[in-house]
Amino acid sequence: IMSGTGAQQRVFVVGVGMTKFERPHSRKWDYPDMAREAVQNALSDSGLPYEKVRAAVASYCYGEPTSGQRALYESGLTGIPVFNVNNNCSSGSTALMMAANLVRAGYECTIALGFEKMDSGLSQKYTDRAY
């Protein structure tokens, strides 16, 4: 996401990247692999190098508190602030909104990343319920 000019500052999505949706356990990879592929595709699509990205927002539901850092560091993005977002089904749109607001706050170029590695069946096994 990059900034524009004008009385009301507009921001623009200048590159998009994604991975192929895969069924659980159908491919041997982890979320950093997914992130690396999506980030490389987005940067390639935008024509921007890693060095232009000043901040990142990583969205996911099932992972450790710093999964965004791990995913982005393994993609080559280091030395920038990484904000982790967990907002259930709205995580991706929340990351995009936060990345846009970071641009409005003065970061020239940001990246929004969403990823999820889920298990088969229920995504979380509850042990405190009788059913």
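Colleague: Is Val13 buried or exposed in this structure?
Modeller: This is a predicted model, in which local features need pLDDT of at least 70, side-chain atom pairs count only at pLDDT 80 or more, and totals for chains, interfaces and linings use all residues. Residues are numbered from 1 along each chain as its sequence is written, and side-chain values use heavy atoms, with hydrogens and water left out. Buried means under 20% relative accessible area, exposed over 50%, and partly exposed in between (1.4 Å probe, protein chains only). Val13 has 53% relative accessibility, and therefore counts as exposed.

Colleague: Does Asn88 count as buried or exposed, and where is its place?
Modeller: The relative accessibility of Asn88 is 56%, so this residue counts as exposed. Helices (H or I, at least four residues) and strands (E, at least two) are DSSP runs, numbered from the N terminus. Asn88 has its place in the loop between strand E4 (82-85) and helix H3 (91-104).

Colleague: How many Å apart in space are Asn88 and Ser59?
Modeller: In sequence, 29 residues separate Asn88 and Ser59. Taken C-alpha to C-alpha, their distance in space is 9.2 Å.

Colleague: What span should H1 have, and how far apart are its end C-alpha atoms?
Modeller: The expected span of a helix is 1.5 Å times one less than its number of residues. For the 16 residues of H1 this should give 22 Å. The distance between the end C-alpha atoms agrees, at 22 Å.

Colleague: Which residue just after H1 takes a positive phi?
Modeller: The phi in question is about 80 degrees. The residue that takes this value is Gly47.
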